[in-house]
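These notebook entries record what I looked up, element by element. Each entry begins with the item that was examined.

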Amino acid sequence: MAKKKGSIVYKCSNCGYTQPAWLGKCPQCGEWNTLEECIVDPNASSPRMNADGTAKKARPVPLSKIQVQSEGRVSTGNAEFDRVLGGGAVKCSAVLLGGEPGIGKSTLLIQTAASVLSGMEKARVLYVSGEESASQIKSRAIRLGLKVDSLEILCTLRLEDILDALDSLNPLLVIIDSIQTVYSVEAGVVPGTVSQLKYCANELISWVKERDSVLIMTAHVTKDGTIAGPKSLEHMVDTVISFERNNDEVRFLRAMKNRFGSIDELGIFQMDGDGLKPVQDPSSLFLTRRQGALPAGVACVPVFEGSRVFVVEVQALTVPAKASMNRVYSDRVDSARVSRVAAVLEKRAGIQFSDQDIYINVAGGVRLTESAIDAALAAALYSARTNIPLPEQTVVVGELSLAGEIRPVSKLKQRLKAAKELGFSRAVAPSSEEDAVAVDSIKNLVQALFSGK
């Protein structure tokens, strides 16, 4: 009789003999108390399953008996990539990398494969491509000057072929480019469906979790920039990384989820003929080097991105509304935040924005989310509305409340120190620090910045 999936059998841990009922003594080898309860699942392909389709039944274990293992990390050979991952890729983990077409995902991954091969002797790397041929991958490696002669290339769409290759090679690093192209006959024959994505990703992640390997999967994104497919795919992996761009050369790498590190780190790359290279001086991307005077509507603010401080330039422009209602155009700062700051200025500082269209930009194209930019955003809006520029070499930092208060922000000393190192001689902040003008309300902020003009 065929065994039903999920049925219970008892298997001898000494000789492997199975039978449907428990016995104290194994009929085949004669050992006592060796029959263990197992689940029969012949269709499962998890490495935890035995060749005969049986697996030990999962049982709860007291937390006090669990041994904590140190996280073994694999360096990608790229300081910015390692920074976003939290110090390198953790073994037995899965990483999902999303980005728009042509942004450089494949370039980053083949550079990572080359670094792992050169940095670790006898390491094996498997590069699975469902979008490019092996000759295209080799051409890119030659163009970038990478030594990847020992890189294993597998060009296939079938999950079963990938699992067979993983079992035979047992690689340290597995790259799937991309997960949307992989399909299994168990879930149909059309790649990219919800069931295919969940099934194929689960099988690959299950394989990696049982070995000291790292899985990196690339994913397509929608026109909004979010990873395409079911949200459950992001819940299944350990790390979700978004690859963004602000122009044709600069790329931003940011973690949206990371079980082994911070999600506040930002990796910055520059694309050239030799591939992706880490940016040595990130602050140069976010500040405009001008020969003349500072124009109206521009304010500088030191912001934290993980463990680093950048001084970025917030730019504002106000023009009479072209319709009956004013509109806010801002893609690098949340438009709701812009509207809130404008409303506080109108209520507490007596300057009208309800009849103005507001445009907000951030130099360098970085996206700002922390509340420490509120004061600088308010200063830029006030400057744009009155056409009065801010003082030269001045940074503004602080959180703005609905009552018009300028509230303290975290790590203020580090922010002001970084601004001073970049040549800013004056700071307007919510607390009295060295070389800083202390302000506690939006009225004091306006007075400190624009009273002399």
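Buried here means under 20% relative accessible area, exposed means over 50%, and partly exposed lies in between, with a 1.4 Å probe and protein chains only.

Basis of the entries. I am working with a predicted model, in which local features need pLDDT of at least 70, side-chain atom pairs count only at pLDDT 80 or more, and totals for chains, interfaces and linings use all residues. Residues are numbered from 1 along each chain as its sequence is written, and side-chain values use heavy atoms, with hydrogens and water left out. Helices (H or I, at least four residues) and strands (E, at least two) are DSSP runs, numbered from the N terminus.

Strand 8. I noted that V125, Y127 and S129 point one way and L126 and V128 the other way, all of them buried. I then looked up its partners, two strands being paired if DSSP finds at least two bridges between them. Strand 8 pairs with strand 10 (residues 173-177) in the parallel sense over 5 bridges; V125 stands opposite L173, and V128 has I176 as its bridge partner. Strand 8 is also joined to strand 9 (residues 152-155) by 4 bridges, again running parallel, and there S129 is the bridge partner of C155. From strand 8 the chain passes through helix 3 (residues 134-144) to strand 9, a right-handed β-α-β crossover. Right-handed means that, with the strands pointing away from the viewer, the path from the first strand over the helix to the second runs clockwise.

Strand 10. I recorded 5 of its 5 residues as buried. L173, I175 and D177 point one way from strand 10, while V174 and I176 point the other way. Strand 10 pairs with strand 11 (214-219) in the parallel sense over 4 bridges, with V174 opposite L215. Strand 10, helix 5 (residues 194-209) and strand 11 make a right-handed β-α-β unit.

I traced 9 strands in an open sheet of mixed pairing, in the order 9-8-10-11-7-12-13-14-15. Strand 9 and strand 15 (275-278) stand at the edges with a single partner strand each, so one side of each is left without a neighbour in the sheet. Within this sheet, strand 7 (residues 93-99) and strand 12 (residues 239-245) pair in the parallel sense over 5 bridges, and G99 has F243 as its bridge partner.

Helix packing. I looked up helix 2 (residues 105-119) against helix 3: their axes come within 11 Å and cross at roughly 70 degrees. Axes are lines fitted to C-alpha atoms, for helices over the stretch in contact, and angles run from 0 to 180 degrees between N-to-C directions. The two helices are therefore roughly perpendicular to each other, a term that covers 65 to 115 degrees. In contact (heavy atoms within 4.5 Å), S106, T107, I110 and Q111 of helix 2 meet I137, R140, A141 and L144 of helix 3.

K223. I placed K223 in the loop between strand 11 and helix 6 (232-236). K223 counts as exposed at 86% relative accessibility. K223 and E100 are 123 residues apart in sequence and 8.3 Å apart in space, C-alpha to C-alpha.

Terms used: Parallel < 35°, antiparallel > 145°, perpendicular 65-115°, else oblique.
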